[in-house]
Each structure stands twice: as C-alpha cells, then as structure tokens.
Amino acid sequence: MRFGFPPFGFYFYGPRPFPSREEYLDMLKEYRKDLEKELREVEKEIEEIKGGS
C-alpha cells in the first residue's frame, strides 16, 4: 500500500508507475520553462512596483 502523492509522471501520462528517462527529462525541461516564464513575470511586477513608489 502506498500513501502520499503519485509519481511525478502520473499527472502527465496517466497512472504509469514511472516515466522513461527521456519522458522524465522532457517533463523537467517543460517545468523549467514554465518556472522561467513565471520568474520573468515576477521580476517584471517587482520592477513595476519599484518604479511606482
């Protein structure tokens, strides 16, 4: 019996126990791209707030 969260790949590819190495690498790259986009948005908001005061 397993408790906690399902494996990382579960959300992307269904209830498979583990993604292949290539699939996992692709998921990580996509996740990194999303985080970088969000970071740029946060940096932009910080600059807007700094410039407005």
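Student: What makes Leu-39, Val-42 and Ile-46 a nonpolar surface patch?
Tutor: The rule asks for residues with over 30% relative accessible area and no salt bridge; like charges are joined within 9 Å, nonpolar side chains (Val, Leu, Ile, Met, Phe, Trp, Tyr) within 5 Å. Leu-39, Val-42 and Ile-46 make a patch of about 250 Å². Areas come from the Shrake-Rupley method with a 1.4 Å probe, and for residues only the protein chains shown count as cover. This is a predicted model: local features need pLDDT of at least 70, side-chain atom pairs pLDDT 80 or more, while totals for chains, interfaces and linings use all residues. Residues are numbered from 1 along each chain, and side-chain values use heavy atoms, without hydrogens and water.

Student: Why is Ile-46 called partly exposed?
Tutor: Buried means under 20% relative accessible area, exposed over 50%, partly exposed in between. Ile-46 has 42%, so it is partly exposed.

Student: How do you know that Glu-30 forms a salt bridge with Lys-33?
Tutor: The definition wants a side-chain nitrogen of Lys or Arg within 4 Å of a carboxyl oxygen of Asp or Glu. Here the closest N and O atoms are 3.5 Å apart, which meets the limit. The structure holds one salt bridge.

Student: Why are Glu-30 and Lys-33 about one helical turn apart?
Tutor: Because they are three residues apart in helix H2. Helices (H or I, at least four residues) and strands (E, at least two) are DSSP runs, numbered from the N terminus. Helix H2 covers residues 21–52.

Notes. Buried < 20%, exposed > 50% of the residue type's maximum accessible area, 1.4 Å probe, protein only.
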